[in-house]
Amino acid sequence: MNIYISDAVSWIPDEDNSAPKLNFTDPLFKRRFSQITKMTVQVVHDLLENRKDLKDSKLFFTSFRGEIKREFTINKTLIEDKMVLPAAFSLSVFNAPIAAATIALNLTGGYTVAFPSESSLKNSLLTAIAPILCGDEEKIAFIYADEKIPEEYSEINTYPDQPFAFACVLSSRKTSRSILLEDKFLDLSPKDFLEVIT
C-alpha cells in the first residue's frame, strides 16, 4: 500500500517572534505554554484550517527534545530545592504539546506520541503509518516540533538547534495535493523532510 503526504504547514521562529501568538486561544490558557507547545498548537490549528475533516482524526506527535527547557528547569529546581511543583511537572511531560493542542482546539480523535531515534524521523513515520497500513485508519495528522535548547546544553548538544514545527496529513488516499511517501524520505532530518513535503 502506498502512503501519501499532503497539506503540510509549518511555523519557524524569526528575529521578531520566538513563538506564535495563538490569538485564537484564551490568554489565560496559553500564558504558561512553552515555545514547543505554542508551535505545536499553531501548526495543528493551521492544518485544521485547511482540513476540516481532520477534526476527529488521530494525531501523531514526535519530537527529538520535547519540553527540554522545562525539563532543565525542573532538574535544576530538584537539585537546588529538593522539590518539584506539580504544575511545573505536568507541563514538562513529553505529550504536553499535543495534549495542549487537543484542549485548545477541542479535538476528540486521540493522539499518539513517540520519540524518534538515530537523528531521523524513520521510526516515528513508520509508527505513525502503521494504523493506515493495517487498515484501522485512512489518514493521520503527523506533527513534529522541537524548541530551542537551553544555553546550558549548547556544549554537549550534537543535534542541530533548529526550533520549528510542522504538521501534515499521512493518508492511503492520493489527492491532487499529495506526494508519495518514498523510502528515501524516512532517513531525512526533520528540516530536510519539511523541505521535501512543502
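**Note on the predicted model**

1. Leaving aside neighbours within four places in sequence, Thr102 is in contact (heavy atoms within 4.5 Å) with Leu59, Leu107 and Tyr111. Thr102 belongs to helix α5, residues 96-104, where helices are DSSP runs of H or I with at least four residues, strands are DSSP runs of E with at least two, and both are numbered from the N terminus. Its relative accessibility is 13%, and Thr102 therefore counts as buried; buried means under 20% relative accessible area, exposed over 50%, and partly exposed in between, with a 1.4 Å probe and protein chains only.

2. On the basis of the description: this is a predicted model, in which local features need pLDDT of at least 70 and side-chain atom pairs count only at pLDDT 80 or more, while totals for chains, interfaces and linings use all residues. Residues are numbered from 1 along each chain as its sequence is written, and side-chain values use heavy atoms, with hydrogens and water left out.

3. The secondary structure consists of seven helices and six strands, which follow one another along the sequence in the pattern β-α-α-β-α-α-α-β-α-β-β-β-α. Of the 198 residues in the chain, 47% are buried. Among contacts between residues at least 6 apart in sequence, 76% join residues at least 24 apart. The chain exposes about 10500 Å², of which carbon and sulfur atoms supply 51%; accessible areas come from the Shrake-Rupley method with a 1.4 Å probe, and for residues only the protein chains shown count as cover.

4. The six strands form an open sheet with mixed pairing, in the order β3-β2-β4-β5-β1-β6, two strands being paired if DSSP finds at least two bridges between them. Strands β3 (111-114) and β6 stand at the edges with a single partner strand each, so one side of each is left without a neighbour in the sheet. The pairing of β1 with β6 is antiparallel and runs over two bridges, and Ile5 stands opposite Ile179 in β6.

5. Glu182, in the loop between β6 and α7, is partly exposed, with a relative accessible area of 33%. Although Glu182 and Ile5 are 177 residues apart along the chain, their C-alpha atoms are separated by 9.9 Å.

6. The largest nonpolar core has 26 residues, and those with the most contacts inside it are Val41, Val43, Val44, Leu47, Ile98 and Ile143; such a core is a set of buried Ala, Val, Leu, Ile, Met, Phe, Trp, Tyr and Cys residues joined through side-chain atoms within 4.5 Å. At least two residues of this core come from each of β1, α2 (35-50), β2 (58-62), α5, β4 and β5, and the largest share, seven residues, is supplied by α2. Apart from this core lies another, of 24 residues, which includes Ile140, Phe164, Leu181 and Ile197. In soluble globular proteins, nonpolar side chains tend to be buried together.

7. In helix α7 (residues 190-197), the residues Pro190, Phe193, Leu194 and Ile197 are buried. Seen down the axis of α7, its buried residues fall within an arc of 100 degrees, so they line one face of the helix; the arc is that of the directions from the helix axis to the C-beta atoms. These buried residues pack against β1 (4-11), α6 (122-133), β4 (139-146), β5 (164-171) and β6 (179-180).

8. Two residues other than glycine deserve a look for their backbone angles. Leu22 has a positive phi of about 55 degrees although it is not a glycine; Leu22 lies in the loop between β1 and α1 (27-30) and is buried, with a relative accessible area of 2%. Asn106, in the loop between α5 and β3, has a positive phi near 55 degrees, but Asn106 counts as exposed at 57% relative accessibility.

9. On the cysteines, a search of the whole structure finds zero disulfides, a disulfide being a pair of cysteine sulfur atoms within 2.5 Å. Cys134 is exposed, with a relative accessible area of 51%, whereas Cys168 counts as buried at 0% relative accessibility.
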